[in-house]
Amino acid sequence: MHPQLSDKKLVCKDFIQALEDCHLSSWARLTGGCNKYKDAMNVCLHGESVARSARNRANAKERRVRREEATKAFFED
């Protein structure tokens, strides 16, 4: 199962829409005809997850540096 896609709709919307369109055909869904769409969506979602993690790491590093500078300035006085 996939996590909630509400916040991913802007990034991977083409892949999500293609999978939803494919799932309208029960035969394709049951026989594996939608697997290529699902794989493409998984790649897109994974790429977004990796990019989000990288942004979060960079932001955390900046916050840590600012916090350490503020702590150092506080205790030097």
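Biologist: Why does Cys 34 count as buried?

Modeller: Buried means under 20% relative accessible area, exposed over 50%, partly exposed in between (1.4 Å probe, protein chains only). Cys 34 has 4% relative accessibility, so Cys 34 counts as buried. Keep in mind that this is a predicted model: local features need pLDDT of at least 70, side-chain atom pairs count only at pLDDT 80 or more, and totals for chains, interfaces and linings use all residues. Residues are numbered from 1 along each chain as its sequence is written, and side-chain values use heavy atoms, with hydrogens and water left out.

Biologist: What makes Cys 22 and Cys 34 a disulfide?

Modeller: The definition asks for a pair of cysteine sulfur atoms within 2.5 Å. From Cys 22 to Cys 34, S to S is 2.0 Å, and a disulfide joins them. Cys 22 sits in helix α1 and Cys 34 in the loop between α2 and α3, so the pair links distant parts of the chain, 12 residues apart. Helices here are DSSP runs (H or I, at least four residues; strands are E, at least two), numbered from the N terminus.

Biologist: Why is the disulfide of Cys 22 and Cys 34 called left-handed?

Modeller: The torsion about its S-S bond is about -95°, so the disulfide is left-handed. Cys 22 is buried, because its relative accessible area is 11%.

Biologist: How do you know that Cys 12 and Cys 44 are joined?

Modeller: Their S to S value is 2.0 Å, and a disulfide joins them. Cys 12 lies in the segment before α1 and Cys 44 in helix α3, so the pair ties together parts that are 32 residues apart in sequence. The torsion about this S-S bond is about -90°, so this disulfide is left-handed.

Biologist: Are Cys 12 and Cys 44 buried or exposed?

Modeller: Cys 12 has a relative accessible area of 0%, so Cys 12 is buried. Cys 44 has 15%, so Cys 44 counts as buried.

Biologist: What is the pairing of the bonded cysteines, in sequence order?

Modeller: The pairing is 1-4, 2-3. The structure holds 2 disulfides.

Biologist: What makes a set of residues a nonpolar core?

Modeller: The members are buried Ala, Val, Leu, Ile, Met, Phe, Trp, Tyr and Cys residues, joined through side-chain atoms within 4.5 Å. The largest one here has 9 residues, including Cys 12, Ile 16, Leu 19 and Met 41. Helices α1 (13-23) and α3 (35-76) each supply at least two residues of this core.
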